[in-house]
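Visitor: Please show me the model. I would like to ask how its terms are applied.

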Amino acid sequence: MRFIYLLVVACWLTAYPAFSQSDRSGNREAAPSADALTRYLQDLFPVQTEGIDYAAVYDALAQLYTNPIDLNAATRDELEATYLLSERQLSSLAAYRAEFGDLLSVNELQAVPAFDLPTIRKLLPFVTVVGNSGLFGTLPTPTDNYLILRYEQVLEQQKGFSEALPDKKGKLPTRYQGGSGQWYARYRYSRSRAFSLGLTVEKDPGEVINWQPSARQYGADYISFHGQLQNRGKWRNILLGDYQLQIGQGLVLSAGFVLGKSAETVQTVRRPTLGARPYTSLSEYGYFRGVSATYAVHRNLDLTIMAARNRRDANTAPDSLKTGVVATSLQTSGLHRTPSELDDRGSLLETNVGLHLLYHTPKQHQLGLTVLQTTFDTFFQRRTLPYNQYEFTGKQNLVVGLHGGYIWHNWNLFGEVARSSGSVTNSGGVGAVAGALASLTKKLDLAITLRHYDRNFHSFYSNGFSEGSRTINESGAYLGLKYTLYRKLSVGGFVDYFRFPWLKYLVDTPSKGVDYLLQLRYTPNRQTAFYGVYHEEHKEKNLTVDKIKAVVGTTRRSYALTADYRLIPGLRFRSRVQWGGFRYAGQVESRGFALVQDATLDIKRLSLSARIALYGTDDYDSRQYVYERDVLYAFSFPAYYNRGVRHYVLAQYNLNRHLDIWVRWARTDLINQDTVGSDLDQINAPQKSEVKVQARWRF
């Protein structure tokens, strides 16, 4: 019966190219455009929120797009990391595989109860079926073997690259040390669930390409590499080089595709346990450089050990006795262009050792123990300011966490508790998060999350669910819902209440707030989609009026209306209007808006994308964030502020089965001021033009 059904499905799908899937092994005449990836990101980020590393999220999604998940081998956590499937769908797929065995094709998803066509269409770019033999024959495990080269440049001269003339005292002003171009190269050779080799190098604008081993510089300023072996007997994973670990709910170790509050109001609150993953992002912090290995002690018990030594960028200052130096803060920009930035480069040596013990059952129940010890070679002490009173101080920090997960029907219960302890008395805080995801009915999904992070909970590689950008000094409760009114119309929303028991930067008293979002999505057909988003957040912040500083309430409101439609095959438009404002209590509201029109044209091997955006804001407080399409593995989510016009054109051409080329040109024209940028990035003209060229060679 299953054979007959799949045969009918296969014949039917030949008439519907939307369900066809490219050969991911590289044996194809032309690579598809990343339109599915772009549209997914635009839907995920209709409005910008704090605490999300958008570049890391994009990089993880792009890796998933080019290395899709095997539906027959993927764990529930790996599928959950796509944030595309509900708990009901995940449970239904697991039950289907248990009853019928491996899927014979991705098209068989239509036979899985609880799966609908819109969900399958969204999922298709990120999944595949490999390594089986059946109705469709034996499919090889695909390999990904490519080299990417990229160059980008701001066409107007910025102050940091202008000629440095001495002042009246004969002193030369600060200027960038290197050229204005940005260079990037990436090589990767990998096979899903088998092995991966990768090398990434980058030079930012203003940085110098220099070979000076004594200063730990080997050509380009940033070099990242990794080698990985998977599923070699009981050795599930061995990683050498740069990597991250995604464990539990992220209170000790968190990395990769981690979202917080977003337009996906349910699935994103839980962190999946994915273990060690190669690090390939251009963010020059937040990863380990060393070795990690996972060994199957028992069929249901895995042990992961890790060790790493990283050179971290840090500000340093003389200690109180003037006999040495202390590190006062960690730098995360990754920029080394000026003498002061070069002084901070690699000034702090960090050593990490840790382990993770995970017990798991075939039904995906989990219980895990995580231990991470971080040691610095220099005493770490933040500046003596009131809001830093409970921050980490010392040379050594130990974090121990216990996490668990339980699947019951369409309920997914999860939680983690961790405690930090350091070499000084202000450590010893506790962090805890617990929650549940549930598909209450076929149409209603629910998320509940509670969290509490002490003001002295110190965990350097954490990224638990939170309002702030760090897992510290916060308590909160989150409720998210998603309801499908009928097949074409859905509504989702969340409300999040939070408080900060201690002071924060620019908030001189304990504070609290509330955040809520409502989204409505209507999809009348496969070619058209409309959605609207309303987002409002209330927080407290310092305000100085007539030289008197006080902590007052603030309100930020955002509205967005989007229409995505296709007029003819190959030509797609996306129209967007968004507006909003920011207001301190008792003050005049700062307002801003953006009108955005996108168009994408696909003609055989050529894909063209273009945008024109008109925007205006009263000041930076009312800035408008709008996601922009970019070349593969590059991310653009700029803030539109002041008054002006922003436009870009992006072309992708698949020259042959081996070579893809991208060219992107973008320009911003301001109409209310004569310069763009500030400090060394200032351009003495009312416009800024950028050009980017990228080539990918598939071996």
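Visitor: In which strand is the place of Leu367?

Guide: Leu367 sits in strand β16. Strands here are DSSP runs of E, at least two residues long, numbered from the N terminus. This is a predicted model, where local features need pLDDT of at least 70, side-chain atom pairs count only at pLDDT 80 or more, and totals for chains, interfaces and linings use all residues. Residues are numbered from 1 along each chain as its sequence is written, and side-chain values use heavy atoms, leaving out hydrogens and water.

Visitor: Why is Leu367 called partly exposed?

Guide: Buried means under 20% relative accessible area, exposed means over 50%, and partly exposed is in between (1.4 Å probe, protein chains only). Leu367 has 48% relative accessibility, so it counts as partly exposed.

Visitor: What makes the nonpolar surface patch?

Guide: Patch residues have over 30% relative accessible area and no salt bridge, and nonpolar side chains are joined within 5 Å. A salt bridge puts a side-chain nitrogen of Lys or Arg within 4 Å of a carboxyl oxygen of Asp or Glu. The patch of about 720 Å² includes Leu367, Leu369 and Tyr359. β15, β16 and β17 each give two or more residues. β15 gives the most, with 3 residues.

Visitor: How do you know that β17 and β18 pair?

Guide: Two strands pair if DSSP finds at least two bridges between them. β17 and β18 have 12 bridges, in the antiparallel sense, so they count as paired.

Visitor: How many bridges join β18 to β19?

Guide: There are 9, and the strands run antiparallel. Phe414 has Gly435 of β19 as its bridge partner.

Note on methods:
Patches are made of residues with over 30% relative accessible area and no salt bridge: like charges are joined within 9 Å, nonpolar side chains (Val, Leu, Ile, Met, Phe, Trp, Tyr) within 5 Å. Accessible areas come from the Shrake-Rupley method with a 1.4 Å probe; for residues, only the protein chains shown count as cover. Helices (H or I, at least four residues) and strands (E, at least two) are DSSP runs, numbered from the N terminus.
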